[in-house]
Amino acid sequence: MSNQRKQSTIFLCITISAVSLFSSEVSALGVNWGTMATHQLPPKTVVQMLKDNNVKKVKLFDADTNTMVALDGSGIEVMVAIPNDQLKDMGSYQRAKDWVRRNITRFNDGVKIKYVAVGNEPFLTAYNRSFINLTYPALFNIQNALNEAGVGDFIKATVPLNADVYNSPPENPVPSAGRFRQDIFEEMKLIVNFLAHNKAPFTVNIYPFLSLYLSSNFPFDYAFFNGQNTVNDNGIIYTNVFDANFDTLLASLRALGHGDMTVIVGEVGWPTDGDKNANIPNAERFYTGLLPKLAANRGTSLRPGYIEVYLFGFIDEDAKSIAPGNFERHWGIFKYDGQPKFPADLSGAGQKKILNGAQNVQYLQNQWCMLNPNAITFSNNTNQLGDNVNYACTFSDCTALGYGSSCGNLDEVGNASYAFNMYFQVQNQKAEACDFEGLAIITTRNISREECNFPIQIGDPKSGYSDHNHIYVSNIRLGLVSMLVLFIAL
């Protein structure tokens with residue numbers, strides 16, 4: 001921690017109005033910068049957005065050269081990452097050393113690298129143990145490579161883990177009973193001991209939204225910070241699931257003899273579309289509770305004070321896998337084009353402030369693709385229409401059409417037009433991308449409807465981007481399943 005940040009923290013602790021002064025030093029707040037998008041804002045534009053909104057920390061999901069170059073000289077603290085598909089390679093110490101040389105020491109003079117994220121939630125049960133035996137060797141080799149390179153004292157390797165790596169038993173569902181999952185207990189013990197030995201933090205991703213999404217019985221208000229639901233844990237009262245979840249982790253760490261370990265919240269946020277509870281009012285309510293809590297350094301019952309937190313996420317990503325749910329593409333506090341979705345005071349002072357959006361954004365031409373009303377009769381061409389909508393949604397983002405989502409109330413014409421337009425935009429408005437066996441036409445009339453926006457994609461209106469079909473190939477099966485569900489609902 002720099003002397004400036006130490007002084008800032010001391011000043012906040014002794015000042016009566018800590019929240020209001022926090023606006024000049026957002027020391028606790030970082031954001032996740034994901035890049036799974038068909039059309040990305042230039043990295044320099046995103047870095048300027050970070051600076052314009054006084055964001056001092058950023059967590060990445062790779063170590064892309066263009067991103068690192070854009071961050072050079074910004075003064076922003078950076079957590080770079082090794083994706084899960086590279087964990088096996090990092091089991092070789094030589095490859096780990098090569099990775100550190102290419103991605104850390106090469107940039108260390110100009111980029112303020114503080115952490116290396118080894119994998120991303122590698123112990124998720126959905127991965128069927130694919131990375132269980134790969135994570136610790138990769139962590140071990142990367143930290144030792146950092147040490148050998150002479151940067152291990154100030155750059156630490158950590159493993160961002162989902163909160164599903166620990167739990168409380170059903171017979172005693174309180175934070176103090178928290179323990180790491182039995183099926184990964186030995187691996188977790190190795191990782192925690194290694195982190196402690198190297199004075200590195202434990203990184204956890206906590207999602208109150210997912211608690212609500214995964215259980216119809218979960219008390220709605222408990223997902224936020226101003227609800228009335230409570231949990232009594234031997235006299236400690238919890239009024240929100242974030243605090244309870246965090247303290248469940250602390251109890252799990254304490255059971256391994258490391259209850260004082262530094263914990264970073266690597267991801268926390270609320271999506272704005274793709275589910276009945278994923279909307280702007282709920283997101284605004286969530287952040288209105290979270291941000292002042294961070295600014296005031298309130299912490300939790302077992303860990304009062306400062307907690308390092310990274311919001312998830314900064315910008316929407318329209319090419320993310322929707323395996324966990326359609327909401328996955330809508331976590332950003334900014335839309336795909338870098339424009340703010342709702343007021344949010346990142347200083348934590350509780351003011352309704354509009355965030356500073358991306359500047360000088362270029363868009364494709366003002367034109368949309370829509371269903372040709374003269375080309376089809378629904379009663380005898382349903383299969384043809386359904387096949388073409390399925391195709392469009394396989395190679396573009398139709399998650400807003402789902403039940404309870406922003407475009408979930410469209411009729412058949414609206415559904416088809418939305419799907420056709422999303423594909424048309426991803427394909428940079430090429431004329432041949434608005435055909436669909438003669439079912440579609442291009443229009444210069446904005447066909448957005450009430451709460452449902454038919455977007456125009458970003459890009460050079462003259463030259464466009466290259467073909468983006470490949471981004472969606474891995475999600476073809478998911479897209480087909482999603483749209484089958486959608487048309488059954490119709």
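Colleague: Which residues does Phe-334 touch, not counting residues up to four places away in sequence?

Modeller: This is a predicted model, in which local features need pLDDT of at least 70 and side-chain atom pairs count only at pLDDT 80 or more, while totals for chains, interfaces and linings use all residues. Residues are numbered from 1 along each chain as its sequence is written, and side-chain values use heavy atoms, with hydrogens and water left out. Taking contact as heavy atoms within 4.5 Å, Phe-334 touches Met-49, Asn-53, Phe-314, Ile-315, Asp-316, Gln-339, Pro-340, Lys-341, Leu-355, Asn-356 and Gly-357.

Colleague: Is Phe-334 buried or exposed?

Modeller: The place of Phe-334 is in the loop between E13 and E14, where strands (E, at least two residues) are DSSP runs numbered from the N terminus, as are helices (H or I, at least four residues). Residues under 20% relative accessible area count as buried, those over 50% as exposed and those in between as partly exposed, with a 1.4 Å probe and protein chains only. Because its relative accessibility is 0%, Phe-334 counts as buried.

Colleague: How many aromatic pairs does a search of the whole structure find?

Modeller: Rings of Phe, Tyr and Trp (its six-membered ring) pair if their centres lie within 6.5 Å, and planes under 30 degrees apart count as stacked, over 60 as edge-to-face and the rest as tilted. With that criterion, the search of the whole structure gives a total of 31 aromatic pairs.

Colleague: Why is the pair of Phe-218 and Tyr-222 classed as it is, and what class does the pair of Phe-314 and Phe-334 have?

Modeller: For Phe-218 and Tyr-222 the ring centres are 5.9 Å apart and the planes stand at 40°, so this pair is tilted; both residues are buried. The rings of Phe-314 and Phe-334 have centres 5.0 Å apart and planes at 65°, so their pair is edge-to-face.
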